[in-house]
Amino acid sequence: MSRSGDLRSLVKDLLSGQKFCVLATQGQGQPYGSLVAFAEADDLKELVFATNRDTRKFSNLISEPRVALVIDSRSNSEADLKSAVAVTALGQAREAAGGERERLAGVYLGKHPGLAEFVGSPDVAVCAVAV
């Protein structure tokens, strides 16, 4: 396998093995970090999360769609200093609508089936980040 294939495999394993990430947004000239549950598309070109529309992170996304998501493998042990892996994904976030919302909600709920009621709420936005 090529070096790029090895790297892609490492990233895919990291993303599929983690359920949460830190979403970095910005608003009113200030950075803002949020812990969110996320899911990844099979091709790794999109990351998906859901949020209430009345949150600061969502209002930040509306005013400035450029975001960063940090996904890592830490376990909060000293071994993490040598073995933890982290990836920062940069991209443009958007709220999905219509058929795209249904498709992305399916990706998201495939990883987080316990959040079906939350995602089904009319107050919740399903957001995609084009990485």
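Helices (H or I, at least four residues) and strands (E, at least two) are taken as DSSP runs and numbered from the N terminus. The structure is a predicted model, in which local features need pLDDT of at least 70 and side-chain atom pairs count only at pLDDT 80 or more, while totals for chains, interfaces and linings use all residues. Residues are numbered from 1 along each chain as its sequence is written, and side-chain values use heavy atoms, with hydrogens and water left out.

A pocket is defined on a 1 Å grid over the protein atoms alone as an open set of points with protein on both sides within 12 Å along at least five of seven lines, and its lining residues have an atom within 4 Å of a point. Grid points are joined across faces, edges and corners, and the volume is the space filled by probe spheres set on the points. The largest pocket holds about 170 Å³ of space. Its lining consists of Q18, K19, F20, C21, V22, L35, V70, D72, R74 and N76. At least two lining residues come from each of strand 1 (20-27) and strand 4 (66-72), and strand 1 gives the most, with three residues. The lining comprises five nonpolar, two polar and three charged residues, where Ala, Val, Leu, Ile, Met, Phe, Trp, Tyr, Cys and Pro count as nonpolar, Asp, Glu, Lys and Arg as charged, and the others, Gly among them, as polar.

F20, V22, L35 and V70 also make a nonpolar surface patch of about 350 Å². Such a patch is made of residues with over 30% relative accessible area and no salt bridge, nonpolar side chains (Val, Leu, Ile, Met, Phe, Trp, Tyr) being joined within 5 Å; a salt bridge is a side-chain nitrogen of Lys or Arg within 4 Å of a carboxyl oxygen of Asp or Glu. Accessible areas come from the Shrake-Rupley method with a 1.4 Å probe. L35 lies in strand 2 (residues 30-40) and is exposed (over 50% relative accessible area), with a value of 64%.

Most residues other than glycine have a negative phi. In contrast, phi of Q28 is positive, near 50 degrees. Q28 is found in the loop between strand 1 and strand 2 and is exposed, at 84% relative accessible area. The pocket-lining residue N76 likewise has a positive phi, about 60 degrees. N76 lies in the loop between strand 4 and helix 3 (80-83) and is exposed, at 70%.

Methods: 1 Å grid on protein atoms, 1.4 Å probe; cavity = no way out; pocket = protein on both sides within 12 Å on 5 of 7 lines; lining within 4 Å. Patch = residues over 30% accessible without salt bridge, like charges linked within 9 Å, V, L, I, M, F, W, Y side chains within 5 Å. Buried < 20%, exposed > 50% of the residue type's maximum accessible area, 1.4 Å probe, protein only.
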